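Hello,

Here is the structure I promised to pass on. Please open it first; my notes follow below.

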Amino acid sequence: MEKYIFYVLALIMIVSAIASVSSRRMLRSVVYLLFVLIGIAGIYFMADYNFLAAIQLTVYAGGIIVLIIFSVLLVHHIDMELEVAKKSKRIITALACLIGLGVFMTTIYSHPFIETTTAVTTTTADIGFALLSTEAGGFILPFEVISILLLAVMIGAIIIAKGEDVTEEPPKETPLVKQEKPVEKKKELLETEVTV
Amino acid sequence: MELSSFFLMRHEMALLAIALILIIAEIFIPKQKKSSAVHLAIFLFGIHTALGFFPLEENSLFGGMFRTNSLIHFFKNVLNIGVFILLLQSADWIQEKIVKLNRGTEFFILLFFSLLGMYFMISAGDFLMFYVGLELSTIPVAALAAFELMKRRSSEAGIKLILSAALASGVSLFGISMLYATSGSIYFDDILVAISPNNLTILGFILFFAGMAFKISLVPFHFWTADVYEGAPISVASYLSVISKGAAVFILMILMFTVLKPLMEVWENMIYVVALATMFVGNLFALRQQNMKRFLAFSSIAQAGFILLGLITGTQLGTASVVYFVMIYIFSNLAAFGVVQAISLKTGKENIDDYNGLYRTNPRLSLIMLLALFSLAGIPPVAGFFGKFFLYTAAAREGYYLLVFLAVVNVTISLYYYLLVVRAMFLRQSENPIPFFNNKLYMRLGLGITVIGILVLGIYSPLYDYIYELSAAFNH
């Protein structure tokens, strides 16, 4: 039974992961990513990592995805679509991906992993003690350094967010994303001119 | 755990305290007097640098997550001196350009957080601390690269740096997870016992190396370097090329010489190829650069290739040569970037052609540049020669004669483009050369220390012996 659940979860994750990177609309990519993250939470539940699964659901699926959706919605041209790449480029990329996948799969599957037999469930209390322990196996130092990291990142983000407008001339190269709206606007402008 | 054992972390504690003091100072200093924060930051960091020289015992904390010994302590001091020079050189730029935008203090805060990340990274006793330190040292620099937000190129540099750094650290993390899968531990000491050269471990190591190679900008992973250096403020480019690269080289070397030593047969060949590619690509691309920042970017890629000569050996001599070379490289590259900084601040000119006839108008600056370039190229009287010479010795002793020969060929190529700049400054004439200007006190101090470093480090031989002795810690 467990095997089937695993395969179902894996299928969901792989399909949504591929959909997430190949979708041309930003918002859809984010939603597909959400399914991947929920799938990972499912895998954690299966491995009996209940605390990690709960964190995965609340922090990643709940928090991070909402954050990404917010930032996507704040981007000006939300309905832009990524350009379709050239056929030759697509073939080369697909080949590179498949070769990479092949190398990784063969290496990982050929490795003689030792199967663990102990099935001790880690309780939340254990995790709490480990997070604040200063002995071997304790994680208080990384825990504190990560808090410094978050402070630094926050300051950096504020610096960038409170910046003034770009005053230089726009770049000459064509942007990466195709703009569709301006064409329609021009049509409207022409029409209004005619009516005037 | 005793309270007194925190004394082992005094570098980290002091730097964190300085950063927090600056955050508080930023709140309380009135808006008209913001430039005084620059003096405060330089003063505090100067004290921190000076106090850092007091000896520190060898020990580890937190169950082996944080460790320190005399070589790590020495290297933290080298990083401190480098950052101190960098602060002196960028003080004028901050006072003239950045304080107006009301974010002068933040520059120091972010820079210090990034340096703190490097401390933790090189002191790490396990892969978790290593990774957290790596992130803490990278992410603030991305914000710094985008510091001149009104310039489109600067924002572009920030985005490029953060995206490629995220990819690189993701790849490196995947590699670490494979090493964990095969050895069953994240602690370096445990991995050393359990590691064996099987396929999965090797794949993990390759991915881990790729992430680090990005930080050091070795050749297949160097594409971000020139663009980011060109777009970012000069101080930040200088920081990336000197401090960031130095710290990454140091930790990579420690890991390869201790934990990953059982994989030596694999990484020997890998580094051989990467070193050659890095030297040739860096040097050949540097030939055709017109912008000084791009020029120094490719030159720094080529220098990273030379550092690999010491890394390939896996011996005590190799460790000592790499640390010695990185130290000299910090002084030489900071001198070159300092001159570019001074000229760019006064005139806004950054192209090699703009330097035509610089000797007639600004003889002192062009002499400093001359020394820096000679040191980077490795011409005998200055320190850079000795740095390269010891690297060659270390590699030749292990029998890499062909590699050393090709490295010497590369030095010849690099000599050509370094001399192009020298020719522009000394021999060429220009109708409107850069006019004469005087630097302020901080910039003079910053350039002066680098000149002393370049001249003295090569001649003062006990230093190398001292580093050689310290290097025994990582080579059993």
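Which domains does the domain assignment give for chain A? Domain 1 covers 1–82 and domain 2 covers 122–161; such bounds come from an automatic or database domain assignment. The centres of these two domains of chain A, taken over C-alpha atoms, are 24 Å apart.

A note on reading this. It is a predicted model: local features need pLDDT of at least 70, side-chain atom pairs count only at pLDDT 80 or more, and totals for chains, interfaces and linings use all residues. Residues are numbered from 1 along each chain as its sequence is written, while chains are lettered from A and ligands numbered from 1 in the order in which they are written.

Now the contact between the chains. Chain B puts in 31 residues and chain A 28 residues. Contact here means C-beta atoms, placed from the backbone, within 7 Å. On the chain B side, α4 (104–123), α5 (127–145) and α8 (199–216) each supply at least two residues. Helices are DSSP runs of H or I, at least four residues, numbered from the N terminus. The largest share, eight residues, comes from α5(B).

Last, a helix pair within chain B. The axes of α1 (residues 10–28) and α2 (residues 36–51) of chain B come within 11 Å and cross at roughly 170°. Axes are lines fitted to C-alpha atoms over the stretch in contact, with angles from 0 to 180 degrees between N-to-C directions. α1(B) and α2(B) are therefore roughly antiparallel, the word for angles over 145 degrees. Residues in this contact include L15(B) and I18(B) of α1(B), and L40(B) and L44(B) of α2(B).

Best wishes

Methods. Parallel < 35°, antiparallel > 145°, perpendicular 65-115°, else oblique. Contact = placed C-beta atoms within 7 Å.
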